[in-house]
2 protein chains.
Amino acid sequence: MAHYTLCLIGFGNVGQALVRLLAAKRGELRDRYGIEWTLTGVMTRRLGFHHDPAGLDPFTLGAATMPAQSPDVAAVQAWLRAARADVLFDTSSLNAETGEPAIAYMRAALELGVHAITANKGPIVHAYRQLRDLAQARGAQFRFEATVMGGTPIFSLFRHALPAITVQGFRGILNSTTNLILAEMEAGKSFEDGVRAAQEAGLAETDSSADVDGWDATVKVAALVQVVMDMPIHLGDIERAGIRDLHPEEVRAARAAGTPYKLVSSARRHDGGVLASVRPERVAAGDPLAEVRGVDALVRFDTDVLSGLSVGEHGGTPTTTAYGMLADFIEVVSTVR
Amino acid sequence: MAHYTLCLIGFGNVGQALVRLLAAKRGELRDRYGIEWTLTGVMTRRLGFHHDPAGLDPFTLGAATMPAQSPDVAAVQAWLRAARADVLFDTSSLNAETGEPAIAYMRAALELGVHAITANKGPIVHAYRQLRDLAQARGAQFRFEATVMGGTPIFSLFRHALPAITVQGFRGILNSTTNLILAEMEAGKSFEDGVRAAQEAGLAETDSSADVDGWDATVKVAALVQVVMDMPIHLGDIERAGIRDLHPEEVRAARAAGTPYKLVSSARRHDGGVLASVRPERVAAGDPLAEVRGVDALVRFDTDVLSGLSVGEHGGTPTTTAYGMLADFIEVVSTVR
């Protein structure tokens, strides 16, 4: 039996789902994997830094006396040390432009030899290679399964189940908010009412531009290109168009013709580099992407050996995203033991 | 650098594709995985037993002096010893009723501590637990990724990328021959002409009954239930109906109505056991199974945490099946080192 002390950054929907899932799977982790765990640290902007090596319950924590607006690496490391952390889970929010402060969180943990598991795409998009190399140098692991398609295994699929393969490209639907908005527009709603429906479904943020303008999908494309295709890419290199300018009549007519609009994310190798894009496309009748509805996601990878491999997620929730982090945790500590 | 000696049973389409793929990936195996290999033994019914610890080329072997019709465990073990085998690849043909002689091949290898990798579903369906336990007792590995959906990772997906998950059930299209025949019938052909088209495409055997009567899919269902759902099941417990009795007019009318016939394989937990079936079903409009064409395959798994996870294969060939065996080989020896 191995015992691990866990620290958690962020306690929103995903952070809460993660703590509940860890508790629900406690017996299975012990019996099947020989893993015991204690949550010894929690840090959020509202709650500040909390630590207790004997274990703490994040659902009963009071608000902070010391605010934690922009914690620096030294403050995070002091907290990780005080909590005697073996593993850091990061559920902080994405800053697509810089990846911070999540990159600093990852660096703080890895420099101490603490495994770093994130659901935040920023560190992958802006610092994947540096963090990967830092982890290797410090004998720690850096994992991020939850960043694309939540708990559906993409990164671990290629890492463990598809050895000696070269990914030539991929094409899919990676953003569920736009998928839902397009479905609402097909059903007769305006763009604005579609956005409202997505917000009511708990999908879109108050500021929906990250989704509707294609940023969320673009960030996921950058993550897949860098990790699964092992090619460097910047967000600016990815052609990006959102669904804001589609007319509802166009959207309805396209669905009626059997060739609906979808926000399609794709990438392929070209001339020693990668051509990547996120844009609304009319998908052909019979294309599996045409039938991806609501909160589902689907991506097809083309490789040198397998001509096509599709992976789809049905019904993503905060709990499925939290599962991606739990799977990372089990894999990381199983590798270590 | 670790060096492995490999033995191969069967040298049909998959066996030949495997030897070509191993050769094509030789540099990548060496550089990325530190794996060198030599093929030191080949056994087929036509060629008999061949071995040469210095290495041999199966494409230039002459026919056997000693026939190898029904080799027993002792004969296979003598051959494996003479070839100094580390790993046995089995590409022999399925005997759905008994699983033999492939079970004997697996047992022969595992008893010697030789890793056993098979593309033959018989050993999974008829002897999964015994072979798994035997492998564990002898410190060897038993692997079978190629048995369902060829090189598309299913078993290794659950083994490595989906820890602490319980599979509640699955539903999908697992047999491509019937899928192709139904498409031909939808396009106006008779059942018999559809079978002929599948034979000309190299999919259906001269005796197509294993496919059209649902046996191939049933065997795959049994493999998935036993391994992925971890539940014992016998072939006779699986409700089975083929596509032989479907009228072409019915098939065409169903497609025209947008609810086409597919040979659907499914299983779900029920009352402490498993309810499993293979039968033609009209799938709903918008069901991703409706768009699975030709040689593609698609299966959706439902689990306790992830509500739905789909895995699809596009364009299966002997090379993609051989890739499943190569992936097993890399995983097995990476575990061992």
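Which backbone nitrogen does a side-chain oxygen of N175(A) reach at the start of α7(A)? I looked this up first. The model is predicted. In it, the oxygen comes to within 3.3 Å of the backbone nitrogen of T177(A).

**Entry: helix α7 of chain A**

I then went along the helix, which covers residues 176–186 of chain A. Nine of its 11 residues are buried, so the helix is largely enclosed by the rest of the structure. I wrote down the buried ones: S176(A), T177(A), T178(A), N179(A), L180(A), I181(A), L182(A), M185(A) and E186(A).

Next I asked what covers these buried residues of α7(A). The cover includes two strands of chain A, β7 (167–173) and β9 (261–270). It also includes the helices α8 (191–200), α9 (209–212) and α11 (248–256) of chain A. After α7(A) comes G188(A), and I noted that its phi is positive, near 115°.

**Entry: N175 in chain B**

I turned to N175(B), which sits in the loop between β7 (167–173) and α7 (176–186) of chain B. Is N175(B) buried or exposed? Its relative accessible area is 3%, under the 20% cut-off, so N175(B) counts as buried.

I looked for polar contacts of its side chain. One, of 2.7 Å, joins N175(B) to the side chain of T178(B). Another, also listed at 2.7 Å, goes from N175(B) to the side chain of D211(B). Leaving out residues up to four places away in sequence, I found that N175(B) touches D211(B), D216(B) and A217(B).

**Entry: T40 in chain A**

T40(A) belongs to strand β2 (residues 35–44) of chain A. Its relative accessibility is 0%, so T40(A) is buried.

**Entry: the nonpolar core**

The largest nonpolar core has 227 residues. I noted the members that touch the most other members: L88(A), F142(A) and F329(A) from chain A, with L88(B) and F329(B) from chain B.

I followed up F329(A). Not counting residues up to four places away in sequence, F329(A) touches Y4(A), L6(A), L22(A), I35(A), V87(A), F89(A) and I117(A).

**Entry: where chain A meets chain B**

I found 37 residues of chain A in contact with 36 residues of chain B. The area buried between the two chains is about 3200 Å², and carbon and sulfur atoms give 61% of it. In chain A, the residues that lose the most area to chain B are A164(A), H314(A) and Y323(A), together 21% of what that side buries.

How many salt bridges are there between chain A and chain B? The count is two. I looked at the one formed by K25(A) with D304(B), whose closest N and O atoms are 2.6 Å apart. Across the interface I also noted 20 residue pairs in polar contact.

I then sorted the side of chain A that touches chain B by element. α2 (26–33), α6 (155–161), β12 (308–314) and α12 (318–336) of chain A each supply at least two residues. The largest share, seven residues, comes from β12(A). By kind, the residues on that side divide into 16 nonpolar, 13 polar and eight charged.

Terms used:
Residues numbered from 1 in each chain as written. Chains lettered and ligands numbered in written order. Predicted model: local features only at pLDDT ≥ 70, side-chain atom pairs only at ≥ 80, totals over all residues. Heavy atoms only, no water. Core = buried A, V, L, I, M, F, W, Y, C linked by side-chain atoms within 4.5 Å. Buried < 20%, exposed > 50% of the residue type's maximum accessible area, 1.4 Å probe, protein only. Contact = heavy atoms within 4.5 Å. Helix = DSSP H or I, 4+ residues; strand = E, 2+ residues; numbered from the N terminus. Polar contact = N/O pair within 3.5 Å; in protein donor to acceptor, adjacent residues only side chain to side chain. Buried area = accessible area lost by both parts, 1.4 Å probe. Salt bridge = Lys/Arg side-chain N within 4 Å of Asp/Glu carboxyl O. Nonpolar A, V, L, I, M, F, W, Y, C, P; charged D, E, K, R; others polar.
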